[in-house]
Each structure stands twice: as structure tokens, then as C-alpha cells.
Amino acid sequence: MTVTAIPLLLRKKILLGMLAASSLAVFLLLILHPGEQRTSLKSFSQADSLIIHELNRFRVGPDRIRTIEYPVTEDFTRKRYVVSLPPGVSQTHLHAELNRNLGGYRVQTMGYVNVPEREMRLLILFDNKIIRTLELRTDTGRTS
């Protein structure tokens, strides 16, 4: 029996049934499958710890990180990290890992690249506010 041998109305009913069954399956998956567990950032110092931890994973020691603080209000100080990356460390990979790890805390990252200077600036945002900035510079003159 070919598809054209099935009456048009019956084909429409079969397609409607398949669509309803697939919609029900997706609905059940959404209800029964636990979603991604996301917590919120408890403090900006927690963001600092997560950033430093990620830099350490990429073999970036404290001697390669300079921190500059900018008071914004009485309660908030924005930090800028100037990071000299060891040769062979990918700025893009570091950005991706930071984004993945900070994303679980509802923190977003945005990156801007200055190609001739081999620099990347990462903006770390929480509640649509820039809380930290990382300036990643590839160090070609030092060995680790």
C-alpha cells in the first residue's frame, strides 16, 4: 500500500496523532527531567574565587595576575584583572571555560578581542552589571 492510496483525511489524522504524541512526550520530558541546577552568586568575592580558580587551572599563577580596584559606590568596588597568559594558553578556551563555570551562578561573560595586540577583554556581568573585568594578554616573552 502506498501513501497516495491512504485517503487524505486519514493521512491528516495520522499526522495529527503523531504530532500530539510527540508533543506529549516532550511535555513529559520537561516535567520529569530535572533541569540544570543554577544557584545565584552569593557575593562578588565568590566570583573572584571562581575566576582565580579557573586561572589556576590554566597554569596562571599569582605572579601573572595584577588586580586593580575601582570604588564605584560605598558598597561596591569593581575589580580589573590584568592577566599575562603563559604561551600556549588559548584566550578563547579560557573564556569558554569561565563562561561555562560562572554560568551556573547566573553570571555572564562577554569578550572583546583586540587582534593586533593579541589581547582579549572579558566583562563579567551579574544582574546586567559589570562586576569584574579581565584583560587577557598572551605573553610571548616569558616561559612558564
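Student: In this predicted model, does Arg118 count as buried, partly exposed or exposed?

Tutor: The relative accessibility of Arg118 is 49%. Exposed residues lie over 50% and buried ones under 20%, so Arg118 counts as partly exposed.

Student: Where does Arg118 lie, and what is its phi?

Tutor: Arg118 belongs to the loop between E3 and E4. Arg118 is not a glycine, although its phi is positive, at about 55°.

Student: In which loop does Arg106 lie?

Tutor: Arg106 is not a glycine, yet it has a positive phi of about 65°. Its relative accessible area of 46% makes Arg106 partly exposed. Its place is the loop between H3 and strand E3 (107-114).

Student: What is the order of the strands in the open sheet?

Tutor: The sheet has 5 strands and its pairing is mixed. Strand E1 (65-71) and E3 each pair on one side only, which places them at the edges. Neighbouring strands are turned by 20° against each other on average, direction ignored. The order is E1-E2-E5-E4-E3.

Student: Do strand E2 (residues 77-85) and strand E5 (residues 129-138) run parallel or antiparallel?

Tutor: These two strands are joined by 7 bridges. Within E5, Glu135 is the bridge partner of Val82. The direction in which E2 and E5 run is parallel.

Student: In the hairpin of E4 and E5, which residue takes a positive phi?

Tutor: Strand E4 (residues 119-126) pairs with E5 over 8 bridges in the antiparallel sense. Phe126 has Lys129 of E5 as its bridge partner. The hairpin has 2 residues between the strands, and the residue with a positive phi, near 55°, is Asp127.

Student: Is Ile131 buried or exposed?

Tutor: Ile131 has its place in strand E5. Leaving aside neighbours within four places in sequence, its contacts include Leu41, Phe44, Ala47, Phe76 and Ile124. The relative accessibility of Ile131 is 1%, and the cut-off for burial is under 20%, so Ile131 counts as buried.

Student: How many Å apart are Ile131 and Ala47, C-alpha to C-alpha?

Tutor: Ala47 is one of the residues in contact with Ile131. The two are 84 residues apart in sequence, and their C-alpha distance is 8.8 Å.

Student: At what angle does H2 run to E5?

Tutor: H2 lies across several strands, namely E1, E2, E4 and E5.

Student: How is helix H2 (residues 44-57) oriented to helix H3 (residues 91-103)?

Tutor: The two helices pack with their axes 10 Å apart, at an angle of about 140°. Angles over 145 degrees would count as roughly antiparallel and those from 65 to 115 as roughly perpendicular, so H2 is, relative to H3, oblique.

Student: How do the residues of the contact of H2 with H3 divide?

Tutor: The crossing of these helices is right-handed. H2 contributes Leu50, Ile51, Glu54, Leu55 and Arg57, and H3 contributes Leu94, Glu97, Leu98, Asn101 and Leu102. They divide into 6 nonpolar, 1 polar and 3 charged.

Student: How far apart are the C-alpha atoms of His53 and Thr67?

Tutor: His53 is located in helix H2 and is partly exposed, at a relative accessible area of 48%. Thr67 is 14 residues away along the chain, and the separation of the C-alpha atoms is 15 Å.

Key. Residues are numbered from 1 along each chain as its sequence is written. This is a predicted model: local features need pLDDT of at least 70, side-chain atom pairs count only at pLDDT 80 or more; totals for chains, interfaces and linings use all residues. Side-chain values use heavy atoms; hydrogens and water are left out. Axes are lines fitted to C-alpha atoms, for helices over the stretch in contact, and angles run from 0 to 180 degrees between N-to-C directions. Helices (H or I, at least four residues) and strands (E, at least two) are DSSP runs, numbered from the N terminus. Angles under 35 degrees count as roughly parallel, over 145 as roughly antiparallel, 65 to 115 as roughly perpendicular and the rest as oblique. A crossing is left-handed if the near helix is turned anticlockwise from the far one by less than a right angle, and right-handed if clockwise. Contact means heavy atoms within 4.5 Å. Ala, Val, Leu, Ile, Met, Phe, Trp, Tyr, Cys and Pro count as nonpolar, Asp, Glu, Lys and Arg as charged, and the others, Gly among them, as polar. Two strands pair if DSSP finds at least two bridges between them. Buried means under 20% relative accessible area, exposed over 50%, partly exposed in between (1.4 Å probe, protein chains only).
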